[in-house]
Amino acid sequence: MTPVAPTASFKDNLALLPSIDGIAQLDLLDASGTVVATIPSEAGKQGSLKVYNYLQLCFGRLDAAAAEHGLAIFAEHTPDARARPGAHPNIDRLIEIVGGAPALEIVAVAQ
């Protein structure tokens, strides 16, 4: 999949991303294959689920390039996450990876 050109609006960016129909959750795995985080398909998490699924489709894994693009997709929420660490854990993870944290594999779990 070819990456989209992010706009300044998270809502508009979400409209550009593929559907997450049929995905129950995304598991994030470290280099040893251990699940280190899960993004469930539930209210309040669907935007992050859609972004992370899209990043997997475009980049194959969550490395620094994917994380940087993800921060652009999160648009106006990225500066808020930088200003309030812990308020947006799924954005915090992208910031950490851009900053040098190890890449993660993204695995979709079907419903």
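Is His69 buried or exposed? With a relative accessibility of 13%, His69 falls under the 20% cut-off and therefore counts as buried. Keep in mind as you look around that this is a predicted model.

Tyr54, Leu55 and Phe59 belong to H2, and together with Val51 they form the H2 side of its contact with H3. On the H3 side, His69 is joined by Ala65, Ala66, Gly70 and Ile73. By class, this contact has seven nonpolar residues, two polar ones and no charged ones. As for geometry, the axes of H2 and H3 come within 10 Å and cross at roughly 140 degrees, so the two helices are oblique to each other. Their crossing is right-handed.

Now turn to the other partner of H3. The axes of H3 and H5 come within 8 Å and cross at roughly 135 degrees, which means that H3 is oblique to H5. The crossing here is left-handed. H3 brings Ala64, Ala67, Glu68, Gly70 and Leu71 to this meeting, while H5 brings Ile91, Leu94, Ile95, Ile97 and Val98. Sorted by class, the residues of the contact are eight nonpolar, one polar and one charged. Gly70 of H3 takes part here, and Gly70 is also listed in the contact with H2.

H2 and H5 meet as well. These helices pack at an angle of about 30 degrees, with their axes 10 Å apart, and so H2 is roughly parallel to H5. The crossing of this pair is left-handed. Ser48, Tyr52 and Leu55 of H2 meet Asn90, Arg93 and Leu94 of H5. The class breakdown is three nonpolar, two polar and one charged.

What covers the buried residues of H5? The cover includes strands S1 and S2 along with helices H2, H3 and H4. The buried residues themselves are Asn90, Ile91, Asp92, Arg93, Leu94 and Ile97. Just after H5, Gly100 takes a positive phi of about 120 degrees.

In soluble globular proteins, nonpolar side chains tend to be buried together. In this model, the largest nonpolar core has 29 residues, and those with the most contacts inside it are Val51, Tyr52, Leu62 and Leu94. At least two residues of this core come from each of helix H1 (10-16), strand S1 (23-29), strand S2 (35-40), helix H2 (46-59), helix H3 (64-73) and helix H5 (89-98). The largest share, six residues, is supplied by H2.

Leaving aside neighbours within four places in sequence, Leu62 is in contact with Tyr52 and Leu55, with Ala67, with Arg93, Leu94 and Ile97, and with Ala103, Leu104 and Ile106.

Another reference point is Val35: Ile106 and Val35 are 71 residues apart in sequence, yet their C-alpha atoms are 9.5 Å apart in space.

One more backbone detail deserves a visit before you leave. In the loop between H3 and helix H4 (77-83) lies Ala75. Although Ala75 is not a glycine, it has a positive phi of about 50 degrees. Where does Ala75 stand on burial, buried or exposed? Its relative accessible area is 14%, so Ala75 is buried.

Conventions. Residues are numbered from 1 along each chain as its sequence is written. This is a predicted model: local features need pLDDT of at least 70, side-chain atom pairs count only at pLDDT 80 or more; totals for chains, interfaces and linings use all residues. Side-chain values use heavy atoms; hydrogens and water are left out. A nonpolar core is a set of buried Ala, Val, Leu, Ile, Met, Phe, Trp, Tyr and Cys residues joined through side-chain atoms within 4.5 Å. Buried means under 20% relative accessible area, exposed over 50%, partly exposed in between (1.4 Å probe, protein chains only). Helices (H or I, at least four residues) and strands (E, at least two) are DSSP runs, numbered from the N terminus. Contact means heavy atoms within 4.5 Å. Axes are lines fitted to C-alpha atoms, for helices over the stretch in contact, and angles run from 0 to 180 degrees between N-to-C directions. Angles under 35 degrees count as roughly parallel, over 145 as roughly antiparallel, 65 to 115 as roughly perpendicular and the rest as oblique. A crossing is left-handed if the near helix is turned anticlockwise from the far one by less than a right angle, and right-handed if clockwise. Ala, Val, Leu, Ile, Met, Phe, Trp, Tyr, Cys and Pro count as nonpolar, Asp, Glu, Lys and Arg as charged, and the others, Gly among them, as polar.
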